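Have the structure open as you read.

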Amino acid sequence: MSTHTIYLYIEEIIRQCRLMFGSTGRLMEYFAVIMAHELGHSADEELEQLADRLDEPLTACERAEIQLRIEENAWSYAAALLPDIDSAFMQRITDESLSAYRRRLDSDIA
């Protein structure tokens, strides 16, 4: 984490774009959204503190809340970085990304 390095796996991004949208027709936009999200992690001033908390003994619910917060922070930054992108496109990617974190939190609360 201390290197502030961002890794993007191009083949995985292409695969995800195809899976989500049925083609690579919007690949460059999709790539921009994913890059902005990863930049969001890099710019997140809370990330180190949140990541450190994940090393502590936590309940499953607490862990899920922290993980969701980390992702929501990055998506918030991404949205601010790309104000001109199609909001429905961005929201679909964000919702898909956050769905597993939200489901995990919901199942831990239930």
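Contact here means heavy atoms within 4.5 Å. Helices are DSSP runs of H or I with at least four residues, strands are E runs of at least two, and both are numbered from the N terminus. With that in hand, Ile 10, Ile 13, Ile 14, Gln 16, Cys 17, Met 20 and Phe 21 of helix 1 meet Leu 27, Tyr 30, Phe 31 and Ile 34 of helix 2. By class, that contact has 10 nonpolar, 1 polar and no charged residues (Ala, Val, Leu, Ile, Met, Phe, Trp, Tyr, Cys and Pro are nonpolar; Asp, Glu, Lys and Arg are charged; the others, Gly among them, are polar).

The axes of helix 1 and helix 2 come within 10 Å and cross at roughly 115°; axes are lines fitted to C-alpha atoms, for helices over the stretch in contact, with angles from 0 to 180 degrees between N-to-C directions.

A word on the ground rules: this is a predicted model, where local features need pLDDT of at least 70 and side-chain atom pairs pLDDT 80 or more, while totals for chains, interfaces and linings use all residues. Residues are numbered from 1 along each chain as its sequence is written, and side-chain values use heavy atoms, leaving out hydrogens and water.

Zooming out, the chain has 5 helices and 0 strands. Of its 110 residues, 31% count as buried, meaning under 20% relative accessible area, with exposed over 50% and partly exposed in between (1.4 Å probe, protein chains only). The C-alpha atoms fill a box of roughly 45 × 35 × 25 Å along the principal axes.

These are the helices whose ranges matter here:

| Helix | Residues |
|---|---|
| helix 1 | 10–21 |
| helix 2 | 27–43 |
| helix 3 | 47–54 |
| helix 4 | 60–81 |

Now for helix 3. Leu 47, Leu 50, Ala 51 and Leu 54 are buried there. They cover an arc of only 100° around the axis, so they sit on the same side of helix 3; the arc is that of the directions from the helix axis to the C-beta atoms. Glu 48 and Gln 49, on the other side, are exposed. The cover over the buried residues includes helix 2 and helix 4.

Leaving aside residues up to four places away in sequence, His 41 touches Leu 47, Ile 70, Glu 71 and Ala 74. Its side chain also makes a polar contact with the side chain of Glu 71, at 3.3 Å (N or O atoms within 3.5 Å; within protein, one must be able to donate a hydrogen and the other to accept it, and residues adjacent in sequence count only if both atoms are side-chain atoms).
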